[in-house]
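Welcome, and thanks for taking a look at this chain with me. Please open the sequence and the model side by side before reading on.

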Amino acid sequence: MKSTMEQISNQSAESKSLDITDANIEQLKQIFPDVFSEGKVDFDALKAALGEAVDDSDERYNFTWNGKNRARQIAQTPSTGTLRPYKEDSVNWNSTENLFIEGDNLEVLKLLQKSYHKKVKMIYIDPPYNTGKDFVYKDDFQDNISNYLKTTSQTDSDGNVFSSNPETSGRYHSAWLNMMYPRLKLARNLLKDDGVIYISIDESEIINMRKVCDEIYGEDCFLGSIIWKKKTNGNNMGYIPPVHDYIIAYGKKDLESAITGFPLTKEFIEKTYSNPDNDERGAWTTSDLSANHKGPYFEIVNDATGQAFLPPKGRYWVFNEEEVKRRIKDGRIIFGKSGNSAPIQKKYLKERTSNHTKPDSWWDKHGYNSDGTKEIANLLGPKVFDHSKPTVLLKKLLLMTVDEHDTVLDFFAGSGSTAHAAYDFQTEHELPIKTISVQLPEKTDAKSVACSMGYKTISELSLARIKKVIAESTQEHGIKVFKLDETNIRRWDADFDDLAPALQLAAKSIKESRTAEDVLYEILLKYGIELTTLVEEENIKGKQVFVVGAGALIVCLDDDITEAVVEGIAALIDELEPESTQVVFKDEGFANDDNVKTNAVQILKQHGVEDVKSI
């Protein structure tokens with residue numbers, strides 16, 4: 001432990017979001033330590049280690065497009081931004097675990113990498129379908145935060161507006177893919193091992209979306225595709241008028257636990273199970289006796305008729321010959337209900353190991369787009385938002401995926417349908433879950449009903465809907481609101497290379513107009529602590545001290561810190577007895593008294609605190 005306090009610089013890991021490149025390199029070091037030479041990857045050694053698994057031929061199958069490498073780089077570039085808390089726009093700030101974040105979802109996903117890594121059970125997104133009219137955000141590799149602020153007119157008075165992606169563009173599909181790729185890649189890191197991502201999409205980009213997800217999530221992690229009937233007729237659009245969208249689903253690792261399915265209902269049981277032969281084991285249904293994975297292959301003979309049966313082409317029996325004979329004798333394998341058909345097995349209701357049923361791929365009674373439009377009209381007024389996804393559809397996805405205390409993320413929140421569905425779902429099933437909604441402050445059309453009602457951006461409309469749902473709910477819900485912005489800390493700015501302004505601003509590390517809570521929540525993000533973690537305030541010798549997670553993190557950003565204040569913090573840590581503690585001060589809070597700063601490190605070290613830093 002150093003005797004002096006470490007100051008966090010713009011090169012420190014604590015000043016930016018997770019560096020995915022460094023994290024990937026560390027993982028590679030754990031698996032193949034011998035392929036590193038002087039800290040760099042020796043690709044020849046790596047190829048040798050991988051052997052025949054390497055395919056470097058020019059003619060290998062490859063999905064690529066103009067800008068793909070840049071899109072991959074953008075995903076791996078850490079963010080130096082922050083999420084600023086807006087308590088005045090929130091509901092039940094101190095108790096809720098639901099988040100609404102206004103900002104570019106690429107930067108937000110980067111900022112969530114540390115705090116929400118492998119913590120999200122379900123992601124649902126309804127991204128732009130790339131119809132030629134919807135918005136496609138152009139990311140900036142060098143400084144996406146500045147690009148975001150300029151594009152959303154937060155720092156620019158020239159009337160910058162969002163851009164569309166017209167079909168006449170020479171890079172029509174590439175522009176859309178360049179937007180989706182880094183966001184989907186970052187989203188995967190947030191999923192739990194048994195997590196699922198559901199993506200709504202239509203015919204315009206279904207093929208490309210599947211290919212991108214196959215690459216990012218893996219072909220083997222494709223869970224299936226739902227065909228959702230979104231309207232009753234196609235209004236004569238095109239040669240075959242479309243009445244459906246797709247919802248594609250991908251898992252991460254633990255695919256068996258990813259989708260639990262729908263709870264068994266009395267209606268399902270009565271429709272599926274019966275006991276026509278008065279089997280003493282009770283009600284049963286039939287099930288295939290073959291599977292498409294390699295297994296036993298032999299003739300099964302019906303002794304009553306002498307007819308022999310082989311598995312269907314490309315399939316195998318699920319039991320060996322001895323077990324088949326035993327089950328036939330026991331009445332568990334029959335030759336159809338007539339006794340003259342191919343062999344099938346009985347599945348008994350009382351022997352079910354799961355109280356859920358698998359969803360099928362055709363959803364024609366799960367609400368229409370028009371139902372979603374009516375829902376938001378009932379909350380905010382008619383014609384305020386068109387083609388909002390119906391909550392009945394989203395609640396079905398929740399029902400077959402989430403469990404108690406799971407986190408649900410929607411980083412294309414739109415009108416807030418996912419959050420709305422989640423609040424209703426919690427009330428209906430008495431199952432507490434957490435939601436994170438992310439929405440860009442995309443401007444509403446100046447001639448739209450939404451704009452005339454005062455909703456200048458889609459994010460304003462989305463938050464208004466969520467608040468209305470909370471207000472009308474029979475249960476107590478809430479929402480914590482954050483907004484994307486540049487870092488609160490002057491020296492953490494990525495482009496701060498000029499020495500002169502650095503020296504001028506050395507006395508003040510925190511930017512003007514930024515509050516202690518602004519800085520606190522940036523520290524939480526950069527330290528990898530969830531934004532809904534309990535934060536308590538203590539007054540120690542007249543100084544404001546934030547206690548995060550029952551003492552896991554202590555933050556004091558006041559001025560004129562004395563040894564007595566540090567002793568008080570140490571005594572508080574002794575009282576709380578956390579397993580480990582990190583302490584952060586404001587660097588100029590010690591009034592340039594290096595003795596106090598040095599002694600602070602020693603005092604806290606005596607109380608078991610090894611991690612003490614300043615900003």
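## Overall picture

Of the 615 residues in the chain, 47% are buried, where buried means under 20% relative accessible area, exposed means over 50% and partly exposed lies in between (1.4 Å probe, protein chains only). Please keep in mind that this is a predicted model: local features need pLDDT of at least 70, side-chain atom pairs count only at pLDDT 80 or more, and totals for chains, interfaces and linings use all residues. Residues are numbered from 1 along each chain as its sequence is written, and side-chain values use heavy atoms, with hydrogens and water left out.

Among contacts (heavy atoms within 4.5 Å) between residues at least 6 apart in sequence, 75% join residues at least 24 apart.

## Surface and charge

The accessible surface of the chain is about 30700 Å², and carbon and sulfur atoms account for 47% of that area. Accessible areas come from the Shrake-Rupley method with a 1.4 Å probe, and for residues only the protein chains shown count as cover.

There are 75 positive and 99 negative side chains, and the centres of the two sets lie 5 Å apart. Lys and Arg count as positive and Asp and Glu as negative, while His and the chain ends are not counted. Each charge is placed at NZ of Lys, CZ of Arg, CG of Asp or CD of Glu.

## Nonpolar cores

A nonpolar core is a set of buried Ala, Val, Leu, Ile, Met, Phe, Trp, Tyr and Cys residues joined through side-chain atoms within 4.5 Å. The largest one here has 72 residues, and Leu83 and Leu184 have the most contacts inside it. Helix 6 (residues 172–190) gives the most to this core, with nine residues. Apart from it lies another core of 24 residues, including Met122, Ile247, Trp363 and Ala422.

Which residues does Leu184 touch, not counting those up to four places away in sequence? They are Ile125, Ile197, Ile199, Met209, Val212, Cys213, Ile216 and Tyr217.

Three strands form an open antiparallel sheet in the order 11-17-16; two strands pair if DSSP finds at least two bridges between them. Strand 11 (284–287) and strand 16 (333–334) are the edge strands, each pairing on one side only. Four bridges join strand 11 to strand 17 (residues 344–348), and Trp284 stands opposite Tyr348 in strand 17.

Ser290 belongs to strand 12 (residues 290–291). Is Ser290 buried or exposed? Ser290 is buried, at a relative accessible area of 5%. Setting aside neighbours within four places in sequence, Ser290 is in contact with Pro312, Arg315, Tyr316, Trp317 and Val318.

Most residues other than glycine have a negative phi. Lys118, however, has a positive phi near 60 degrees; Lys118 sits in the loop between helix 4 (105–111) and strand 6 (120–125) and is partly exposed at 35%. Ala550 has a positive phi near 55 degrees, lies in the loop between strand 24 (543–548) and strand 25 (553–556), and is partly exposed at 45%.

Ala564 is in helix 17 (residues 563–576) and is partly exposed, with a relative accessible area of 37%. Ala564 and Thr435 are 129 residues apart in sequence and 42 Å apart in space, C-alpha to C-alpha.

How values were computed: Helix = DSSP H or I, 4+ residues; strand = E, 2+ residues; numbered from the N terminus.
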